[in-house]
Amino acid sequence: MTEHQLESPSLVQLAANAIRRMILAGELAEGERLIEERLTEQLGISRPPLREALRVLEQEGLIVTRPRRGSTVATLTDQDVFEILTLRSALERLAVELGVPVKVPERLKVAQDALLEMERCAAAEDRGSLVQAGYRFHSSLVALAGHRRLEEAYASVQQQLLLCMARNLYAREHFYEDLHEHVARHRKLLDLVEAGDPAAVLAELAVHGERSFSEIQSNVGSRSASNS
């Protein structure tokens with residue numbers, strides 16, 4: 001059985017999970033066409049559950065399917081990334097203003113568990129799962145505010161955020177930091193949350209997100225131009 005091959009009971013969900021991880025790990029690139037024959041062989045399943053899994057991922061916004069053209073990995077424009085990341089920053093700032101110092105200690109457990117999962121994924125070099133654990137970490141910080149509509153607003157862009165975070169992780173790893181340094185930034189952020197100083201958390205959040213995907217892409221482009 002290959003690395004991504006699956007067993008029952010839920011072939012559709014397992015296939016969707018495996019392909020989702022491949023997308024978030026960058027194994028399937030933006031705009032790449034998903035070849036059914038290749039995926040059925042790679043995952044060890046037949047076409048019916050694969051096609052159902054692709055429909056799940058299409059509903060999530062991770063892939064795009066067009067009649068007679070098949071399915072491709074979703075792409076984000078620079079404007080998409082700008083809008084998603086600025087919205088994320090605004091929602092997280094509001095959550096910190098409302099939720100730090102933490103009034104319900106049990107809420108910190110979710111963030112602590114997500115960070116532990118990030119550490120496990122970094123050690124295993126499981127980039128797709130690391131991105132998903134990173135999202136859980138940030139969403140747990142939003143949940144500190146105890147503000148249902150704020151959490152719903154954050155969750156409404158979950159899949160788009162996952163795509164942004166996957167692209168960001170890829171660029172950061174190739175130009176700025178390894179996976180363990182990536183996790184260390186999140187541990188520092190959680191340490192400040194636990195210390196209970198909202199101003200310090202907001203300052204770290206600003207640094208935490210200072211290299212947006214657009215800025216990284218700009219640097220990548222500059223390096224490529226200088227090497228040409």
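Student: In this predicted model, is Thr72 buried or exposed?
Tutor: Thr72 has a relative accessible area of 18%, and a residue counts as buried when that value is under 20%. Since 18% falls under this cut-off, Thr72 is classed as buried.

Student: In which element does Thr72 lie, and which residues does Thr72 touch when those up to four places away in sequence are not counted?
Tutor: The element that holds Thr72 is strand S2. With residues up to four places away in sequence set aside, the list of residues touched by Thr72 includes Ile63, Val64 and Arg66. The rest of that list consists of Gly31, Glu32, Arg33 and Leu34.

Student: What is the relative accessibility of Arg88, and which residues is Arg88 in contact with beyond its neighbours within four places in sequence?
Tutor: Arg88 is placed in helix H4, and its relative accessibility of 13% lies under the 20% cut-off, so Arg88 counts as buried although Arg is classed as charged. Once the neighbours within four places in sequence are left aside, the contacts of Arg88 are with His138, Tyr154, Leu161 and Met165.

Student: How are H4 and H10 oriented relative to each other?
Tutor: Two packed helices are described by the angle between their axes and the distance between the axes. For H4 and helix H10, which spans residues 198-208, the packing angle is about 165° and the axes are 9 Å apart. Angles over 145 degrees count as roughly antiparallel, and therefore the arrangement of H4 and H10 is roughly antiparallel.

Student: What is the handedness of the crossing in which H4 passes H10, and how do the residues of the contact of H4 with H10 divide?
Tutor: H4 passes H10 in a crossing that is right-handed. The contact is made on the H4 side by Glu92, Arg93, Val96 and Glu97, and on the H10 side by Pro198, Val201, Leu202 and Leu205. By class, the residues of this contact divide into three charged, no polar and five nonpolar.

Student: Which bond joins Val100 and Pro101, and where is the place of Pro101?
Tutor: Val100 and Pro101 are joined by a cis peptide bond, with omega at about 5°. Pro101 itself is placed between helix H4 (78-99) and helix H5 (106-124), in the loop.

Student: What is the phi of Arg68, and what is the phi of Glu125?
Tutor: Arg68, which is found in the loop between strand S1 (63-66) and strand S2 (70-73), is exposed with a relative accessible area of 83%. Glu125, which lies in the loop between H5 and helix H6 (127-143), is likewise exposed, with a relative accessible area of 52%. Neither residue is a glycine, yet phi is positive for Arg68, at about 65°, and for Glu125, at about 55°.

Student: How many helices and strands does the secondary structure of the protein chain come to?
Tutor: Read from the N terminus on, the elements of the protein chain run α-α-α-β-β-α-α-α-α-α-α-α-α. The secondary structure therefore comes to two strands and 11 helices.

Student: Among contacts between residues at least 6 apart in sequence, what percentage join residues at least 24 apart?
Tutor: Of the 228 residues in the protein chain, buried residues make up 42%, and the accessible surface comes to about 12000 Å², with 50% of this area belonging to carbon and sulfur atoms. For contacts between residues at least 6 apart in sequence, the share that join residues at least 24 apart is 69%.

How values were computed
Residues numbered from 1 in each chain as written. Predicted model: local features only at pLDDT ≥ 70, side-chain atom pairs only at ≥ 80, totals over all residues. Heavy atoms only, no water. Helix = DSSP H or I, 4+ residues; strand = E, 2+ residues; numbered from the N terminus. Buried < 20%, exposed > 50% of the residue type's maximum accessible area, 1.4 Å probe, protein only. Axes fitted to C-alpha atoms, helices over the stretch in contact; angles between N-to-C directions. Parallel < 35°, antiparallel > 145°, perpendicular 65-115°, else oblique. Left-handed = near helix turned anticlockwise from the far one by under 90°. Contact = heavy atoms within 4.5 Å. Areas by Shrake-Rupley, 256 points an atom, 1.4 Å probe, with all protein chains shown as cover.
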